[in-house]
Amino acid sequence: MIKDTFYNLPKAKRDRIFASIKKEFDRVPLDKISINRIIKDAGISRGSFYQYFEDKGDLYDIFADRFSEEFHSLCTGTLGKNKGDIFKTISDIMEITINNTDKTLTQNKLKNLMPGVSTNAKSVIDRVCNNIKEYMPTILNNIDTTKLAVKSTSEIEALLSMLSMIVHKAMLDYFIFHRNIESVTEDFTGKLNLLKNGCLKEEYRNK
């Protein structure tokens, strides 16, 4: 578990340590990570390192958590640009994530993250998606509900949960299971439209 002492550091120092961790992940898989390289590059002592992290598994977690923060920022920014349209936002986020990401580079990084992780750790994408659930309150406040048939907070939370599962599957299919972009996009768009338009004909709804 990442310790509170790390999160209590000044942002500049946290960013420097993260940059050193990222550099090491770019070099080797988690089971070959050198803590000595990280602390030397970050300019911290080994004692300080263990004040911030329990073990190497935390390095995996912090990488996923940083990606979660960036994804959350992308989500809230895109939601604002789309004036609260949650479906357009999810579609745009997937397009940005898939089309503007170097697939080979991302796959190599993910491969480096997977080996040697403790059995209690989740995959990067699983952890990212779980982290995003914690950001739901800020997302909920910015959704335009005027065009939605669902109105209550619990219904909107359920909708967001289903949307996150669609995104989760698309990311796994593309980056982990190596499905081609056309197949992933078609599957993602089909499921998104199914949620957007509903399954029943209008005359049969609410019966």
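Contact here means heavy atoms within 4.5 Å. This is a predicted model, in which local features need pLDDT of at least 70 and side-chain atom pairs count only at pLDDT 80 or more, while totals for chains, interfaces and linings use all residues. Residues are numbered from 1 along each chain as its sequence is written, and side-chain values use heavy atoms, with hydrogens and water left out.

Q: What share of the contacts in the protein chain with a separation of 6 or more comes from residues 24 or more positions apart?
A: The protein chain has eleven helices and zero strands, where helices (H or I, at least four residues) and strands (E, at least two) are DSSP runs numbered from the N terminus. Among its contacts with a separation of 6 or more, the share from residues 24 or more positions apart is 65%.

Q: How far apart are the end C-alpha atoms of helix H6?
A: The expected span of a helix is 1.5 Å times one less than its number of residues. For the 14 residues of H6 (residues 86-99) that gives 20 Å, and the end C-alpha atoms agree with it, being apart by 20 Å.

Q: Which helices do the buried residues of H6 pack against?
A: Buried means under 20% relative accessible area, exposed over 50% and partly exposed in between (1.4 Å probe, protein chains only). The buried residues of H6 include Ile86, Phe87, Ile90 and Met94. The helices that the buried residues of H6 pack against are H5 (57-81), H10 (153-176) and H11 (181-197).

Q: Is H6 roughly parallel or roughly antiparallel to H10?
A: Axes are lines fitted to C-alpha atoms, for helices over the stretch in contact, and angles run from 0 to 180 degrees between N-to-C directions. H6 and H10 pack at an angle of about 15 degrees, with their axes 11 Å apart. Angles under 35 degrees count as roughly parallel, over 145 as roughly antiparallel, 65 to 115 as roughly perpendicular and the rest as oblique, so H6 and H10 are roughly parallel.

Q: Which side chain makes a polar contact with the side chain of Asp92?
A: Asp92 is found in helix H6 and, at 10% relative accessibility, counts as buried. A polar contact is a pair of N or O atoms within 3.5 Å; within protein, one must be able to donate a hydrogen and the other to accept it, and residues adjacent in sequence count only if both atoms are side-chain atoms. At 3.1 Å, the partner of the Asp92 side chain is the side chain of Asn82.
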